Amino acid sequence: MFESLSDRLTGALKDLRGKGRLTDADIDATAREIRLALLEADVSLPVVRAFIGRIKERAKGSEVSAALNPAQQIVKIVNEELVGILGGETRRVQLAKTPPTVIMLAGLQGAGKTTLAGKLSHWLADQGHTPLLVACDLQRPGAVQQLQIVGERAGVPVFAPHAGTSVGGEGDLGVDGSQAAVAVAQAGLDEARARHYDVVIIDTAGRLGIDAELMKQASDIRDATNPDEVLFVLDAMIGQDAVATAQAFAEGVDFTGVVLTKLDGDARGGAALSVREITGRPIMFASTGEKLEDFDVFHPDRMASRILG
Ligand code: GDP
C-alpha cells in the first residue's frame, strides 16, 4: 500500500532539490503535485484541502529561512503535516484501573474483526495479560466457531454461548439476536471477573453495509459492557467508502480508536490518511496480513516516513 502515493510525493519533492530559493510559484507548483497525489490515493477532499492549506501557509511563511535548504524545509513540513493527519503521537490502549479492561470491536462484516481479535489477544498475552475473547457475533453463521479457531491459534480462551450458535437465523439482526448478543457479552464479562482474566475482547456482528440495526446492536453491547476501548475496525482497501463508514460508526456507536486492516493490500489507501482527520479518533493498530504476527501498534511518524520514502 502507498507505493504509488509514495512515488508521487517523493517525485514532487525531488523537483525542488537544487533550488537555492523557493518562489511562491515553486511552492504552489509543488502543492499542486502533492494535492493530485493525495487525491489519486483516495484521500478525502476536505482532508486534502486542509493539508495543502497548511503546507502552503507554512512553506511561504518565515519557517523557510531556517538552517535547512528550502527543499529540505518543505520535505520537513510535509513530513510533519503527514504525521499530524495520521494522529501525531502513538496512542496506547487505555487499561481499566480495576480489571478487566473491556475492549469492544466494531466494524463492517469482512473488515477483519475476528482476525484482529486473535491478533490483539495474542499481542496482549505476549505482554503478560490474560485476555478472554467473547463471541458476540451471533448473526453470521460460523462466526462463533471462527473465533474459537482464532482463539485456539492465539492460545487465548474464548467465551461463547454454544459452539456454532446462530441466534435469529442467517442474516437476521432482529431484537432477539441483539438481546442474545448483549447477554453473551454480559456473561463473558462475568466469566472474566470470576476467573480473573484481565482483558476482555468482545467480537461483535458486522454487516455488509451500514445499517441502523447493526448500529443499535453494537451500541446496546457498548452500553451493557461499558468498554474502556471501542475499536472501529476499518478495511483500508475499501477506498472512498471508508470515510462514510467511519462517520456512520462514529455517530452510531462512537469509538475510541481505529484499527486499520489489510494495509498489506495494493489499494490506494486514502482511508488510512483520512480517518483520523474525519473522525478525530486515533489510529491505534495496523493489521498487515492474515497471520497472527501481521499486526503492530500504529506509529504515525513511522507511517509518514514510509510514505515519504
Ligand atoms: P470480520 O467479518 O470483520 O470478522 O472479518 P474477518 O476477520 O473474518 O476477516 C475477513 C477476511 O479478511 C478474512 O479472509 C481474513 O483472513 C482477511 N483479513 C483480515 N485481516 C487482514 C489483513 O490485515 N490483511 C489481509 N490480507 N487479509 C486480512
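Keep in mind that the model is predicted.

**The sheet**

Let's start with the strands. Eight of them (8 strands) line up as an open sheet with mixed pairing, in the order S3-S2-S4-S1-S5-S6-S7-S8. At the edges sit S3 (158-159) and S8 (295-297); each has a single partner strand, so one side of each is left without a neighbour in the sheet. Further in, S5 (residues 229-235) and S6 (residues 257-261) run parallel and are joined by 5 bridges. If you want a spot to look at there, find Asp235, which stands opposite Thr261 in S6.

Now for what lies on the sheet. Helix H5 (residues 113-126) packs on it and touches S1 (101-106), S2 (131-136), S4 (199-204), S5, S6, S7 (283-287) and S8. The direction of H5 makes about 170° with that of S4. Helix H8 packs on the sheet too, touching S1, S2, S4 and S5, and its direction makes about 180° with that of S1.

**Two helix pairs**

Two packed helices are described by the angle between their axes and the distance between the axes. Here is how the two pairs look:

| Pair | Angle | Axes | Residue classes in the contact |
|---|---|---|---|
| H8 (residues 212-225) and H9 (residues 241-252) | about 45° | 9 Å apart | 4 nonpolar, 2 polar, 1 charged |
| H2 (residues 24-40) and H3 (residues 45-60) | roughly 160° | within 10 Å | 10 nonpolar, no polar, 5 charged |

Take H8 and H9, whose axes pack at an angle of about 45°. That angle makes H8 oblique to H9, and H8 passes H9 in a right-handed crossing. On the H8 side the contact is made by Leu214, Met215, Ser219 and Arg222, while H9 brings Ala248, Phe249 and Gly252.

With H2 and H3, the axes cross at roughly 160°. This makes H2 roughly antiparallel to H3, and H2 passes H3 in a right-handed crossing. H2 puts in Asp24, Ile27, Asp28, Ala31, Ile34, Arg35, Leu38 and Leu39. From H3 come Leu45, Val48, Phe51, Ile52, Lys56, Ala59 and Lys60.

**The annotated stretch**

One last item comes from a record. An unreviewed UniProt entry gives residues 282-295 the annotation "domain: SRP54-type proteins GTP-binding". In the model, that span is 0% helix and 43% strand, and its end C-alpha atoms lie 17 Å apart.

Methods:
Residues numbered from 1 in each chain as written. Predicted model: local features only at pLDDT ≥ 70, side-chain atom pairs only at ≥ 80, totals over all residues. Heavy atoms only, no water. UniProt positions renumbered as here; feature names shortened; annotations may be inferred. Axes fitted to C-alpha atoms, helices over the stretch in contact; angles between N-to-C directions. Parallel < 35°, antiparallel > 145°, perpendicular 65-115°, else oblique. Left-handed = near helix turned anticlockwise from the far one by under 90°. Contact = heavy atoms within 4.5 Å. Nonpolar A, V, L, I, M, F, W, Y, C, P; charged D, E, K, R; others polar. Pairing = 2+ DSSP bridges.
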